[in-house]
Amino acid sequence: MILAEKKYEIHEVQKGYANRTLYINLSKSEITIKPVTDEMKKKFIGGKGFDLWLMWNSLPKDKIVKWDDLENEICISSGPLGGSIFYPGSGKCIVTSISPLTGIIVDSNVGGYFGPYLKFSGFDALEIQGKAKREVIIYIDGIEGLIQIKEIEDSEGLSEYSHELTQQLTQEYAPDENEKQRVSVVSSGPAAKNTKWGILNFSWFVRGRNWASVKQAGRGGIGTVFKKKNLKALVCLSPKVTVKSNNPANLEAARELGKTHSQEIIKLDPKQNEMRRVGTGHLPDIMNVTDLLPTENFRFGMHKEISGKEIPYSREVMRSIYSGKEGADGCWIGCTVSCSHYSEGHIVLTGPFKGKKVIVDGPEYETIAGCGSNWGVWDPKWVLETNFYCDTYGLDTISVGTGIAFVMECYEEGILNKEITDGLELNFANAKAAIELIHQMAKGEGFGVIVGQGIREMKKIFAEKYGADPQFLHDIGMEHKGLEFSEYVTKESLAQQGGYGLTNKGPQHDEAWLIFEDVIRNSIPSFEDKARALRWFPLWRTWFGLNGLCKLPWNDIQPESQANYPIKDTNTGELVRAKVPDHVEWYAKYFSAVTGRQSTPDDLINMSERVYNFQRIFNIRLGQGLREGDSNLPYRAMGPVTALEYESRANRYDNQLKDLGFNIEGMFIEEKIKILRKHREEQYSKLQDAVYKERGWNQKGCPTIELVKELGIDYDDVISVISPHQ
Ligand code: SF4
């Protein structure tokens with residue numbers, strides 16, 4: 001049944017912008033088209049900037065909106081460079097909402113074709129508010145110029161499983177059999193309804209495989225918000241995409257830049273990370289060798305028995321697991337990195353699809369580390385099984401990985417037992433039991449439902465109901481701001497502790513990944529060095545999310561010219577080489593060529609700084625976003641919690657204590673842990689001071705009025721949010 005329908009005129013995209021956004025209120029069955037103003041383009045650029053601006057203006061200002069309030073929104077926007085098919089990595093979009101896990105803004109970066117298709121269908125952003133009475137599909141037809149809110153009938157027989165639903169809707173909405181690649185579907189699955197770890201799957205149709213693949217907007221539970229709104233799916237049918245679709249101000253210049261970057265990728269990738277062949281599957285090996293691979297709930301950084309050697313998720317093994325040819329699968333047209341690999345030989349071992357041969361999109365590094373090594377599971381078939389069910393049930397593999405790793409340690413510590421877990425023996429390495437929890441999340445029954453509320457909620461329940469020590473739970477429960485950590489061990493990298501703790505949304509590596517510079521290269525030893533890096537890198541990475549870009553082509557394939565650059569600028573102390581200066585320069589030119597706004601690398605950073613601070617202020621408006629929220633990392637992110645952990649790196653820790661001037665002769669491990677902890681917590685607090693100063697924030701962690709004026713976002717309602725914290 002059609003609940004609402006609107007026809008609209010389709011206009012050409014102009015210099016990367018459709019110049020309109022689409023607002024849908026599900027409670028009122030309302031469809032509204034809004035103009036994009038010059039002020040929006042100038043100050044908020046697109047992507048996350050547009051999402052935040054739309055939410056800022058649509059959410060009521062007289063209350064703190066919660067994730068499950070009708071006023072909460074889901075916004076999706078690509079950005080002015082999104083949709084170009086001649087520059088690698090130009091098909092991303094950003095999804096934002098108030099997260100069920102954190103209560104603040106979460107932004108999730110995702111591939112698949114929906115973001116660009118939305119723009120080519122006429123809209124720079126989609127804003128969804130309210131809640132439908134029954135499950136609905138939002139359909140955007142960019143060929144006919146038609147938007148519909150359509151209530152689902154049971155008789156339609158649409159699957160509850162995301163991968164099946166995606167195929168069904170692709171088939172249903174394709175104008176003819178040969179046009180399936182014009183359809184992109186966004187959906188989730190049954191576990192998103194019963195947990196706070198829900199994801200959104202964004203599809204793209206791969207003609208050669210006759211299959212709609214998916215990429216995930218995984219972090220922060222946006223799929224849970226989607227289900228709460230009674231959304232079954234979003235479907236966009238796009239006009240044909242050509243090199244002219246994004247209509248750059250200077251097409252030739254933009255194409256030339258894209259050609260240069262693409263040629264470099266084709267030439268250098270085989271000698272570097274082999275993204276085109278194994279994608280992020282090249283990483284577990286490297287992380288294991290460098291003692292950074294989360295193992296058994298982040299207790300260790302490598303496989304204990306085979307430390308320093310290749311692990312069962314080695315590059316060779318991953319190469320054999322992924323199907324298809326090198327560079328066969330990109331999550332947007334024309335991305336020469338094409339790192340989105342899949343595996344088509346997995347025969348499902350458990351659950352409703354048991355015995356079926358399925359296609360698994362992935363597994364990527366975070367899933368291998370989260371649902372493999374971090375569970376003490378070293379068999380790829382179980383990673384494939386988890387990957388498959390998380391995607392099809394609509395679950396974030398990072399939160400599932402880190403969350404179940406926490407449960408396993410609690411089980412081993414005797415905090416949990418078989419009575420509490422409904423008979424599941426959740427020791428490390430028991431992949432079968434872990435997957436049973438995932439099935440329970442999909443069915444909405446058993447202990448899995450408690451687990452799916454996230455680590456922060458579990459900590460409360462385990463302390464209140466099962467008498468566990470709240471401090472120990474806090475120390476080993478790897479969440480911050482309510483979001484589960486992504487998959488890197490940060491104990492020996494103070495900068496990365498900041499890269500996780502001093503973020504807007506919670507511990508996700510897409511803001512800053514500084515372990516290499518900090519630990520391996522030791523190029524940012526002082527607090528000031530680390531603080532400078534913790535200003536520039538989050539701002540730079542934010543810029544990709546304003547523009548519809550993927551960051552992987554920036555630094556996963558490095559130019560030959562890299563070695564010509566110094567590691568650091570001796571005058572300013574700024575990192576140079578790690579920024580990949582040649583690529584930054586290309587991106588400034590690419591932005592100029594598409595939008596017609598002549599921009600330098602510094603201009604790009606300024607764009608991000610405005611949006612980054614705006615997000616910070618949005619979080620303050622939601623009652624968080626200050627120093628307290630950035631503090632109090634779980635201690636395991638900083639150092640060893642248990643004697644076992646201390647012993648695993650005893651030499652390193654003993655030497656650190658000696659360097660600090662302690663006589664450790666005859667000292668018990670517990671005492672050593674205590675001293676080390678005091679020192680490391682103080683270090684983190686000092687880092688916080690230095691980073692706030694570098695970012696232009698006061699010591700409460702609030703952007704100053706001067707900074708906000710400088711950035712040009714000194715709107716009355718912004719000033720009134722930050723004034724009490726000056
Ligand atoms: S680099 Fe990989 S993730 Fe990024 S756009 Fe290309 S295929 Fe997608």
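Around the ligand sit Gly89, Lys92, Gly330, Cys331, Cys335, Val337, Ser338, Cys339, Ser340, Cys550 and Leu552, a residue being near a molecule or strand if one of its heavy atoms lies within 4 Å of it. By type, this shell splits into six nonpolar, four polar and one charged residue. Here Ala, Val, Leu, Ile, Met, Phe, Trp, Tyr, Cys and Pro count as nonpolar, Asp, Glu, Lys and Arg as charged, and the others, Gly among them, as polar. The model is predicted, so to speak of local features takes a pLDDT of at least 70, side-chain atom pairs count only at pLDDT 80 or more, and totals for chains, interfaces and linings use all residues. Numbering starts from 1 along each chain as its sequence is written, and side-chain values use heavy atoms, with hydrogens and water left out.

Next come the sheets. Helices (H or I, at least four residues) and strands (E, at least two) are DSSP runs numbered from the N terminus, and two strands pair if DSSP finds at least two bridges between them. Contact means heavy atoms within 4.5 Å; axes are lines fitted to C-alpha atoms, for helices over the stretch in contact, and angles run from 0 to 180 degrees between N-to-C directions.

Another open sheet has seven strands in the order β1-β9-β8-β13-β10-β11-β12, again with mixed pairing. Its edge strands are β1 (2-7) and β12, and since each has a single partner strand, one side of each is left without a neighbour in the sheet. Neighbouring strands are turned by 15 degrees against each other on average, direction ignored. Seven bridges join β11 (residues 200-206) to β12 in the antiparallel sense, with Lys215 in β12 as the bridge partner of Phe202. Helix α4 lies across β8 (136-141), β9 (146-151), β10 (183-187), β11, β12 and β13 (231-237), running at about 145 degrees to β10.

A cavity is a set of points, on a 1 Å grid over the protein atoms alone, where a 1.4 Å probe fits but cannot get out, and lining residues have an atom within 4 Å of a point. Grid points are joined across faces, edges and corners, and a volume is the space filled by probe spheres set on the points. The largest cavity holds about 120 Å³. Its lining has 14 residues, of which His163, Val214, Ile359, Asp361 and Asp391 lie nearest its centre. Two or more lining residues come from each of α4 (162-173), β12 (211-217), β15 (357-361) and α12 (380-393), and α4 gives the most, with four. The lining divides into six nonpolar, six polar and two charged residues.

Gly362 and Pro363 are joined by a cis peptide bond, with omega about 0 degrees; Pro363 lies in the loop between β15 and α11 (365-371). Asn522, a residue other than glycine, has a positive phi near 50 degrees and sits in the loop between α19 (515-520) and α20 (527-547). Phi of Val580 is also positive, near 55 degrees, and Val580 is found in the loop between α21 (552-555) and α22 (581-595).

Terms used
On a 1 Å grid over the protein atoms alone, a cavity is a set of points where a 1.4 Å probe fits but cannot get out, and a pocket is an open set with protein on both sides within 12 Å along at least five of seven lines; lining residues have an atom within 4 Å of a point.
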